Amino acid sequence: MSADQQQDQLPGDSRFFKRSGPFALKRLLEATGAEAVGNADAETLFEGVAPLHAAGPRHVSFLDNRRYLSLLQETGAGAVILGPAFADKVPEGCTALVSREPYLAWSRVARLFHPLSPAQEKRHPTAVIGENVTIGRQVEIGPFAVIGDGAQIGDGCVIGAHAMLGDHVVLGAGCRIGAHVTLSHALLGERVVLYPGARIGQDGFGFAVGSEGFETVPQLGRVILEDGVEIGANSTIDRGSMRDTVIGAGTRIDNLVQIGHNARLGRCCIVVSQAGVSGSTEIEDFVTIAAQAGLIGHIHIGRKARIGAQCGVMNDVEAGADVIGSPAMPFREFFRNVATLRKLSRK
Amino acid sequence: MSADQQQDQLPGDSRFFKRSGPFALKRLLEATGAEAVGNADAETLFEGVAPLHAAGPRHVSFLDNRRYLSLLQETGAGAVILGPAFADKVPEGCTALVSREPYLAWSRVARLFHPLSPAQEKRHPTAVIGENVTIGRQVEIGPFAVIGDGAQIGDGCVIGAHAMLGDHVVLGAGCRIGAHVTLSHALLGERVVLYPGARIGQDGFGFAVGSEGFETVPQLGRVILEDGVEIGANSTIDRGSMRDTVIGAGTRIDNLVQIGHNARLGRCCIVVSQAGVSGSTEIEDFVTIAAQAGLIGHIHIGRKARIGAQCGVMNDVEAGADVIGSPAMPFREFFRNVATLRKLSRK
Amino acid sequence: MSADQQQDQLPGDSRFFKRSGPFALKRLLEATGAEAVGNADAETLFEGVAPLHAAGPRHVSFLDNRRYLSLLQETGAGAVILGPAFADKVPEGCTALVSREPYLAWSRVARLFHPLSPAQEKRHPTAVIGENVTIGRQVEIGPFAVIGDGAQIGDGCVIGAHAMLGDHVVLGAGCRIGAHVTLSHALLGERVVLYPGARIGQDGFGFAVGSEGFETVPQLGRVILEDGVEIGANSTIDRGSMRDTVIGAGTRIDNLVQIGHNARLGRCCIVVSQAGVSGSTEIEDFVTIAAQAGLIGHIHIGRKARIGAQCGVMNDVEAGADVIGSPAMPFREFFRNVATLRKLSRK
């Protein structure tokens, strides 16, 4: 099988994604808050979404990056969602759907055409459910899922195949637990999403040096995942030792990320793939940690700070600061250092 | 659910942790070897452990870091475990429990109040056990566990839900295999702990370049995990190609760590999260490898060397050396380089 | 158990590896294309493979690295596979098997003595198979495997214990899906190998910033793994958002690697452990990405480029270039920088 044979297909392969529609232009405008430029007919029907290069007259497409302007000018799309700066760049016959938040508008149109299936009241007969488990309405439990004694599962949760929920875990409404997830010693808010293979609530890396070697220190805290938190595939979040490990509401964590025991992340933080946060570090709201960055333990990262990719953070970072490098320093200083060293080396 | 609502709770949530006690002061002193300062009553009862800021008169607390001295002075704890240097800093009414190994003492008190449940003789009816498997006494096997033909499971082992043990693996007494672990081609000593999602014994990354592309090289070694080894969640340890991959007794490996084929780690090493050791590298006893460090293959790391976080090690490291940076260099040199470059850039 | 007790054993422990043979020298020469130096008897029988230091007269051994020459001179092996440069270095009584591709020759001899078991037509009774699933001949399905509705499984595939294949995934002939793999929204070519715990096809890390926090952007693409692709243990490959994530034929990906949505890798690339490729990055054929390297999104890496360990790539890389450092720069420049800085710091 070559990639070429497989690739020439629109997004939303109907084998894998539910489809809805068609929808009239006015429905798209309602869903997005975008405005149609020119004399487009509000009743025009659209059938789906497609990238600029592949879209036809019944497709909605999207532009948010100036580097793809040439694709816009050649697109066959019936409509394109874009920001005000690009509104006059659409080719003839294409309707510009202008939004100040074009990516958000795009996201909503894509969801309109490809809605998520709601959870169904369904329990696979192979699932093992413990004693005194409370299960809400419209809960979907997959094959070989294991739910421990005393667990509480809120309405509309989806528990994937082979997921393992330990005794007494609590899930708020609308959580989605991926296949092969391990979850224990944890309290989840609403709409928490755990991707496949995430490990939540195991012992932190804590031991004391004894005369005979290392002795494990009891890890007596929990993991708290607040509303809307998402944890990527194969990421690991250790439970606290003496207090809880806490991930604040809305925070998004990518794949293969490590969060150490007692760490606290605030609201709406972003932690990109393969980054790591060591134990007891505190991170305020709206912090971004880019891929492969590492933070040592017991430090404090201020609100809206941005930690660059592969950054090694050994000290507190002030609110709003942009740091990069290992050890971490302000972005400007880092790139000045790079330039200085290059110049000196060429002498 | 907000974190605030959930957090104001002492460690050891009884939903998740077994509790024991109360215990008299003299029992705590026996368990820890600490000495009580002042005229404390050896019969005073304690009910549990708590952090300094939350502890009450029936709690034991702990201090080992000077930065938390202000919390000590305000604590309501009945007793605090700490080192000799802080013995005279406890507030009135609080008993100082002085230990030269305060963290170890703390660990033992915490374990006293929150003992691990011993393995129970229990086999979940859904577990699939192969032919000619030898299972010791007091072995606990979880739902959907799979144990291959000819495996040997020592006394007191716990095999978690969905764990997969390949044919002929050997587990010494008292091993704890987490949920969703994959284990094959491996011999384990006693008291080995594998956290959820660890992958032990799969093929190493070995292939030869042929005329038609890459050809997989047979990986004919095993993984040997000696007594007391612990491997973190979602870490991966490849089996050897021509000799064994060996992790020495007592070594602790954190989450998301990669150990390549034929690598050998000595006794009581520490490998922190997201670090990686490439194939055929040899690491002596008591080596520490900090988070996100990487070691190339076929090198030798001397006894008690310390590899800093994010360090990139391309050459042998001498016994006792402290290295950091990428490429690795002595700590002192690294930080001198950082200072030099900063100074030159500012000119 | 000490490592010493366990290690003194030849590779290919018969508990874990199938054995075949003995084979005559002429059979080895046929299998490898190597030439025997001197007057070796083509009928001499060999029983297995062994490393230089442990091999006896009925073993074939191997040398490809000058650093092990002293072991060659002392080996008791009956024959050694090696390159022309070492042909005259074998001790008396040992036959040199000379190959211009000694590692490949070695690989084939090792496989001859330790063949892979072919897939058997076998379905564990606990496996859950969905509706309208197409299963080829000689397909082996392990305990607790889950195969979704409409999936297509080619001839000779092996599906490991606890693997989860989502609805409508397609597997070409001869694929091997490891234990605990999660696979969805994906089309696989022939002979694709997924190691335990690999996560293929989950949502990419895509969200838009709304007034109430982040909103997930629908991820409407797929994952395409072409013929012969191998993906390591616990690696994660997100499906595309608007186009497919594609891994080209023959490409080998090691453990704990992250591939972001819409990324495209060409043919016969090598991606070593803990490296990460961000979304929408395009990588041509025969590119090597060493351990712990990271590539930002939306860049282009030319054919046969080599990205060094821990490299941080923020810009396009030309075909054939060797880069290292963070930010990435040519190898030569990187090591000149290192030397310059060391010199300046010592002043």
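This briefing covers selected residues in chains A, B and C. The model is predicted. Lysines from chains A, B and C gather in a patch of positive charge on the surface.

**Surface charge**
- The positive patch brings together Lys343(A), Lys347(A), Lys343(B), Lys347(B), Lys343(C) and Lys347(C).
- Lys347(C) sits in the segment after helix H5 (331-346) of chain C.
- Lys347(C) counts as exposed because its relative accessibility is 81%, and the cut-off for exposed is over 50%.

**Buried residues in chain C**
- Arg239(C) occupies the loop between strand S26 (236-237) and strand S27 (245-247).
- Its relative accessibility is 6%, so Arg239(C) counts as buried; the limit is under 20%.
- The Arg239(C) side chain reaches the backbone oxygen of Gln219(C) at 2.7 Å.
- Leu97(C) belongs to strand S7 (residues 95-98) and is buried at 1% relative accessibility.
- Leu97(C) and Leu25(C) are 72 residues apart along the chain, with their C-alpha atoms separated by 9.6 Å.

- Pro22(A) lies in the loop between helix H1 (3-7) and strand S1 (23-24) of chain A.
- Pro22(C) lies in the loop between helix H1 (3-7) and strand S1 (23-24) of chain C.

- Gln274(B) has phi near 70°. This residue is in the loop between strands S31 (270-271) and S32 (276-277) of chain B. Gln274(B) is buried, at 8% relative accessibility.
- Phe286(C) has a phi of about 60°. Its loop runs between strands S33 (282-283) and S34 (288-289) of chain C. Phe286(C) is partly exposed, with a relative accessible area of 30%.

Technical notes: Residues numbered from 1 in each chain as written. Chains lettered and ligands numbered in written order. Predicted model: local features only at pLDDT ≥ 70, side-chain atom pairs only at ≥ 80, totals over all residues. Heavy atoms only, no water. Helix = DSSP H or I, 4+ residues; strand = E, 2+ residues; numbered from the N terminus. Buried < 20%, exposed > 50% of the residue type's maximum accessible area, 1.4 Å probe, protein only. Polar contact = N/O pair within 3.5 Å; in protein donor to acceptor, adjacent residues only side chain to side chain. Patch = residues over 30% accessible without salt bridge, like charges linked within 9 Å, V, L, I, M, F, W, Y side chains within 5 Å. Areas by Shrake-Rupley, 256 points an atom, 1.4 Å probe, with all protein chains shown as cover. Salt bridge = Lys/Arg side-chain N within 4 Å of Asp/Glu carboxyl O. Lys, Arg positive; Asp, Glu negative; His and termini not counted. Charge placed at Lys NZ, Arg CZ, Asp CG, Glu CD.
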